[in-house]
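Dear colleague,

Here is the structure that I promised to hand over, with the sequence alongside. My notes on what was found in it follow below.

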Amino acid sequence: MVIAFACIIVCTLLYYTSIIRQTTYTESSEHLDEVSRQMAASIVKQSQSQWNMVEMFHNYLSDVPYQDDTDFNSYIREKKEDWGFDSLCFVDKDAMYYDNENSFSLLSQKEIIVNLLTERIPVILDNVLFEDENKLVFLSPVENLSISGKTFKAMGATYNSQNLFDILDIQAFDGKAELYITHKDGVVLFRTAQDSAISGYNLFNSLAEEKFERGSAQLLRENIHSDHQELMTVHTDNGEYYLNHTPVGVDDWQLIMMVPMDVVSGRIQQSSIITFLCLLLIGALIIAAFILLYSDSAKKVLHAEEKARKAAESANMAKSRFLSNMSHDIRTPMNAIVGMTKIASGHLNEPEKVRDCLQKINLSGHLLVGLINDILDMSKIESGKMVLNNNTASLVELMDNLVGITRPTIRQKNQEFNIRIHDIDHEELVFDSLRLSQILINLLGNALKFTPDGGKISVDVCEQPSPVKGCGHFVFCVADTGIGISPEFQKNLFESFSRERDSRIDKIEGSGLGMSITKMIVDMMDGTIRVESELDKGSVFTVELDLQIAAEPQELTLPAIRVLLADDDPDTCLSAAEFLKTMGAVVDVAFNGQEAVEKVRESCLEGDDYQMILLDWKMPKLGGADAARSIREYVGDDVPILIISAYDLSEIESGVNDTKIDGFIQKPFFKSTLYDCIQRYYLNQDKKEKVSAVKRLTLKGRRFLLVEDNEINQEIALYSMSELGAEVETAWNGREAVELFGRSPAGYYDMILMDIQMPVMNGYEAARAIRSADREDAGRIPIFAITADAFSEDIIMAKEAGMNSHFAKPLDMEAIIKEIKKYID
């Protein structure tokens, strides 16, 4: 094994060496390409400056023609010193070239004459025409330029190429770089040093005599003509060089750079050798350590086996505890259901006794469903199969539902309940409303269970700026004055099946999974949860989530009406007042009923009456109903007075029948809640009847198709729908439902209630078949899933199949009726 390990290390080092060589070549190529591109760009810039200067001379001479040679020559000498050229030159219509030293015919240079005089294209003359190897001439066509009686068709300037190409004299690469400017055919136009590694008139011909490691002189020629760049390596008498070429962008010039390889990659190679040696040393140390550790491996294997054995025992103990907990918690409500059923059967002639038994059976059934849901949720989360069903949802509706669910327990335990909204700007969000409701219900449910009768419970919701783009940062705080949590148990609070041992809570039923599930859902939503608690003083749970904003809030504006808002909870009062002020209202606040009455009295005396008054139902000294009676003595019947509360409005109505109350508002206060209130009761827009007990839904004259394969479940659903007045037809599987729908005329059925898991054809397949039917009501008939499949992915699958809503068994008839009203009422 040691030999095999050593072979692996050697192969790794050899492979590393090959990678380093290739990396060195690649980095050198990229480095030289970048240097060449920058130098070529500088040459282009220099050349363009020369053309610009020729153009300036032409414009000047055209505007100020010189008839006297003395004046003209004086002007030229003056500008030579300023602009650094050697002389001006001209070409007449007969292709005669003139400068201060030469005059000759260009007729032999047919390509130059055609470009310059016929095609009117600027040209550059170089050492191909001149004996002076360092001479360059920039010629540009002009329109009949007259100087001293002569007419010229082109003019230009001559330069010393050394001055033009002085930017090639670089100090990089330790000053050892050799640079050449050539034509595409290899003729050298300029070289940085006469004692270069490559001499000769044609660079390609000279390179053909040298030895190439990568590439060849012929390949270089072909690459230049095809504009393909490739780094080559060539051996000369002076050493080994990298050879790089780049098109300059002026005429057909090519920039060819030769740099000693050790100058470019010497440091990389040196670092590679050092790294190689270090890796070799590390490999040797690893082998030595492996030999030392190998002798101790048996001991470690035994230790690992012991650890695995203990882990298995711990897992078995956890399973045993789980089964023990579940056995107790499931058997308790089951015993109640069986026992109460037996008692009810023995007292069939005593309606009151039967009614009491049925109520206890109903409560035990709900408890049993809660336990099963917790177990299923826990299983889904731990197996990674729970997914979030994120859709656009209303935070207002979620909080209203939360209050509605918890209100009966609050009333039963006579607890003081407050729900406060702070700085909420966005009410429509994208989130999994079912899971967020589950988080808040778990937290609020624990607060209700572990807070004694008469205790205080509060929920605070606020919005803050979020670091996540397109989201709002929402903070949910659930506080209570209950028994609190010990510091020791807080450490294990979010573990599965954890319950604190306390005689005060031994009779409180639960699976011990609620907080664990809550923590896992919060983690899935990328949020945080924390707890602050002190024994006998209470607890505060804080959940923070970044929720996506569905749409920017609608701008809500109110007239500048005077509003009096009275609530004994300062946070609620000030938060609601701030909402009203941002919408344009003028708001005064009072923190008890007596203070509210006094403010109304003072406003009447000053002749500045309030135009709307909002009173909390329960306030110290003077409650809302009593305060309203006193206020009516000052404001009469014209000013709307509304009672606000988080409690059941039907209970409040019965207590204020003798008071002229215009309406009721249920907490929590969102901005839209207050806006709709003023629109309705003050501006008389969208005016509705005074809030009263919820009207019972009537389905008389409606025909439902119930698809259910279980006889008992069918009987329950059939009874519930028939009790509401609906005519119900039944099908035992999906295929039968599709056939019944297909044989019926359009509009025959008002709604379909569909089970999912059925023989022959399941609910998803049946829903798709109905939706795809060729009839006018196939796409619009409401289809509700009623199923024991209760997870988020089941809801998603139901929607994908074309169903409108999803309800898990056992059925919550109030929720179903509420949903039916959206489509039928």
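In strand β19, the bridge partner of Val531 is Phe541. Before going further, please keep in mind that this is a predicted model, in which local features need pLDDT of at least 70 and side-chain atom pairs count only at pLDDT 80 or more, while totals for chains, interfaces and linings use all residues. Residues are numbered from 1 along each chain as its sequence is written, and side-chain values use heavy atoms, with hydrogens and water left out.

Strand β18 covers residues 528–534 and is joined by seven bridges to β19 (residues 538–549), the two running antiparallel. Helices (H or I, at least four residues) and strands (E, at least two) are DSSP runs numbered from the N terminus, and two strands pair if DSSP finds at least two bridges between them. Together β18 and β19 form a hairpin with three residues between them, and Asp536 in the turn has a positive phi of about 70°. In a regular strand the side chains alternate between the two faces of the sheet. In β18, the covered face has Ile529, Val531 and Ser533, whereas Thr528, Arg530, Glu532 and Glu534 make up the uncovered one.

With a relative accessible area of 43%, Ala551 is partly exposed, where buried means under 20%, exposed over 50% and partly exposed in between (1.4 Å probe, protein chains only). Leaving aside neighbours within four places in sequence, Ala551 is in contact (heavy atoms within 4.5 Å) with His426 and Glu428. The C-alpha atoms of Ala551 and Thr392 are separated by 9.4 Å, although these residues are 159 positions apart along the chain.

**The five-stranded sheet**

An open sheet with parallel pairing has five strands in the order β21-β20-β22-β23-β24. Its edge strands, each pairing on one side only, are β21 (586–590) and β24 (663–666). On average, neighbouring strands of this sheet are turned by 20° against each other, direction ignored; axes are lines fitted to C-alpha atoms, for helices over the stretch in contact, and angles run from 0 to 180 degrees between N-to-C directions. Within the sheet, β22 (residues 612–616) and β23 (residues 641–645) run parallel and are joined by four bridges, and Leu614 has Leu642 in β23 as its bridge partner. Helix α16 (residues 624–635) packs on the sheet and touches β22 and β23, its direction making about 160° with that of β22.

**Helix α3**

Which residues of α3 (residues 110–118) are buried? They include Ile112, Ile113, Leu116 and Leu117. These residues lie on the same side of α3, because they cover an arc of only 95° around the axis, the arc being that of the directions from the helix axis to the C-beta atoms. The cover over the buried residues of α3 includes β1 (87–91), β4 (123–125), β5 (135–147) and β6 (150–160). On the face turned away from the buried side are the exposed residues Lys110, Glu111 and Thr118. Just after α3, Arg120 takes a positive phi of about 60°.

**The chain as a whole**

The protein chain has 23 helices and 29 strands, and 45% of its 825 residues count as buried. Counting a disulfide as a pair of cysteine sulfur atoms within 2.5 Å, the total comes to zero disulfides.
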